[in-house]
Amino acid sequence: MLLKYLRRYPLALVVAVAIVLLSVLPIPEIKEMERIPLIDKWTHMVMYGALTLTIWIDYRRSHRWLDRRRLVLFAFLAPIAMGGVLELVQAYLTSCRSGEWLDFVANTIGVCLGFVAGLLLGFHKK
């Protein structure tokens with residue numbers, strides 16, 4: 001069963017694993033980046049928007065018919081849940097990262113933007 005998902009969603013799984021690693025491993029501070037207002041929140045939005053859009057792309061590539069319920073579950077609700085769980089992991093299970101509600105909000109905004117982009121780019125049509 002896992003192999004089935006690896007074949008159907010390779011890009012999305014790579015992006016999801018990258019987000020997990022970036023969320024739990026220590027990241028070096030880059031002083032130049034700190035000058036950009038809300039750079040951390042922008043980063044969260046881009047990561048989760050990219051995840052959602054790659055889920056759309058992989059879904060479209062590997063399915064003949066659109067199942068709207070599955071898309072809402074896997075391309076909308078699952079990334080939001082993943083963002084929430086990772087913020088809790090950062091807050092309670094790591095010593096090098098901190099979980100923040102505003103990061104969760106930025107994750108959710110990114111998911112919403114990625115979902116809308118998938119709709120607008122025609123990934124919903126067959």
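Is Cys 96 buried, exposed or partly exposed? Cys 96 counts as partly exposed because its relative accessibility is 38%, where buried means under 20% relative accessible area, exposed over 50%, and partly exposed in between, using a 1.4 Å probe and protein chains only.

## About the model

Welcome to a predicted model, in which local features need pLDDT of at least 70, side-chain atom pairs count only at pLDDT 80 or more, and totals for chains, interfaces and linings use all residues. Residues are numbered from 1 along each chain as its sequence is written, and side-chain values use heavy atoms, with hydrogens and water left out.

## Overall fold

The protein has six helices and zero strands, giving the pattern α-α-α-α-α-α along the sequence. Helices here are DSSP runs of H or I with at least four residues, strands are runs of E with at least two, and both are numbered from the N terminus.

For 126 residues, a compact globule would have a radius of gyration near 14 Å, and the 15 Å of the protein agrees with that. The radius is taken over C-alpha atoms, and the globule rule is 2.2 Å times the number of residues to the power 0.38. The C-alpha trace spans about 45 × 30 × 20 Å along its principal axes. As for contacts (heavy atoms within 4.5 Å), 79% of those with a separation of 6 or more join residues 24 or more positions apart.

## Surface and charge

Buried residues make up 32% of the 126 residues. The accessible surface comes to about 8400 Å², and carbon and sulfur atoms hold 73% of that area. These areas come from the Shrake-Rupley method with a 1.4 Å probe, and for residues only the protein chains shown count as cover.

There are 15 positive and 9 negative side chains, and the centres of the two sets lie 19 Å apart. Lys and Arg count as positive and Asp and Glu as negative, while His and the chain ends are not counted. Each charge is placed at NZ of Lys, CZ of Arg, CG of Asp or CD of Glu.

His 44 sits in helix α4 and is buried, with a relative accessible area of 6%. Beyond residues up to four places away in sequence, His 44 touches Glu 87, Asp 103, Ala 106 and Asn 107. Ile 19 is 25 residues from His 44 in sequence, and their C-alpha atoms are 9.2 Å apart.

Thr 52 is also in helix α4, and its relative accessibility of 0% makes it buried. Leaving aside neighbours within four places, Thr 52 is in contact with Ala 75, Pro 79, Val 111, Gly 114 and Phe 115.

## A loop residue and the cysteines

Leu 38 belongs to the loop between α3 (31–34) and α4 (39–62). Although Leu 38 is not a glycine, its phi is positive, at about 55 degrees. Most residues other than glycine have a negative phi. Leu 38 is exposed, with 59% relative accessibility.

Cys 112 is partly exposed, with a relative accessible area of 32%. The structure holds zero disulfides, a disulfide being a pair of cysteine sulfur atoms within 2.5 Å.
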